[in-house]
Amino acid sequence: MLVALTRPVSDSLEQCALTHQPRHRLDVARARRQHAAYEEVLRRLGASVVQVAAAHELPDAVFIEDTAVVLDELAVITHPGAASRRAEPGPVAATLQAYRPLAEVRSPGTVDGGDVLRVDRTLYVGRSSRTNDAGIAQLAALVEPFGYAVHPVEVRHCLHLKSAVSEIGTRRVLANPAWVSLDRLGDCEVVAVDPSEPAAANALRVEDSVVFPAHHPATLDRLRGAGVVVVPVECDELAKAEGGVTCCSLLFRH
Ligand code: CIR
């Protein structure tokens, strides 16, 4: 069974952390409608959606991807890089323990799940404003015994590694080459974002489909042209909080 862990949009979303974007007025009700539609798309693609309880005092709780790295053998609970997000992982861990043995990254290490891109048995981990070398070293020590290799990757001009590159198929990625050095990604085939949409590299692969923001139409056309089965979702309100499509769920098999 494919499980998608999600978390409701918090009442306080407007106080979200922002790094690369100016603060815009945020319509929380609209963000909720978009989030509900996203969950519906995941169900339509075969996932069983399991919601972690809302945390209205935590503005960024909806971005659940950052709280854990779920692998086949274990789930690594993160220590998020933003101090305002450090209370988010606890309840996610409580839910995940029904599905996986747990391990955790601890201070002074920091890791955001949005910095971890898995390709087969390799975890590419972004060195970002949220994920530090101590966190990467801890993650490596936790997963290498299970046969995973961990490769740090430099990211620039964006929040997370998966803002710059994400998986769209088997050994196939969507990327903004200006934000990440792709030579570290081995033999993955790269589809580049349309240059007019630098923030369009975050896509969510669900089996043979790719969930993708409708507000990046030029890159959406490129993906379709490359033979990708794209499922567009409206998520521009959540994007005002620097959230993308990967960050609103933790997807894994159970
Ligand atoms: C933050 O700055 O942490 C949130 N406002 C956005 C997090 C987005 N997470 C992700 O892309 N994995």
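**Close-up views of the predicted model**

**View 1. The largest nonpolar core.** The largest nonpolar core in this predicted model comprises 26 residues, and L13, L42, F63 and L238 make the most contacts inside it. Two or more residues of this core are supplied by each of β1 (2–6), α1 (28–44), β2 (47–51), β12 (204–206) and β14 (229–233). The largest share, 5 residues, is that of α1.

**View 2. Surroundings of L13.** L13 is one of the core residues with the most contacts inside the core. Leaving aside residues up to four places away in sequence, L13 touches L26, V28, A31, P59, V62, F63, L238 and A241.

View 3. Around the ligand are 13 residues, of which A17, D60, R85, R130 and A241 come nearest. A backbone N or O atom of A241 is 2.7 Å from a ligand nitrogen atom. The side chain of D66 places an N or O atom 2.8 Å from a nitrogen atom of the ligand, and that of H160 places an N or O atom 3.5 Å from a ligand oxygen atom. The protein buries 97% of the 340 Å² that the ligand exposes when taken alone.

View 4. With a disulfide requiring two cysteine sulfur atoms within 2.5 Å, the model contains 0 disulfides. The sulfur of C16 is too far for a bond because the closest cysteine sulfur, in C247, is 11 Å away. C235 likewise is in no disulfide, the nearest cysteine sulfur, that of C248, being 7.7 Å away. C16 is buried, with a relative accessible area of 1%; C235 is also buried, at 8%.

Methods: Residues numbered from 1 in each chain as written. Predicted model: local features only at pLDDT ≥ 70, side-chain atom pairs only at ≥ 80, totals over all residues. Heavy atoms only, no water. Buried < 20%, exposed > 50% of the residue type's maximum accessible area, 1.4 Å probe, protein only. Core = buried A, V, L, I, M, F, W, Y, C linked by side-chain atoms within 4.5 Å. Helix = DSSP H or I, 4+ residues; strand = E, 2+ residues; numbered from the N terminus. Contact = heavy atoms within 4.5 Å. Near = heavy atom within 4 Å. Polar contact = N/O pair within 3.5 Å; in protein donor to acceptor, adjacent residues only side chain to side chain. Areas by Shrake-Rupley, 256 points an atom, 1.4 Å probe, with all protein chains shown as cover.
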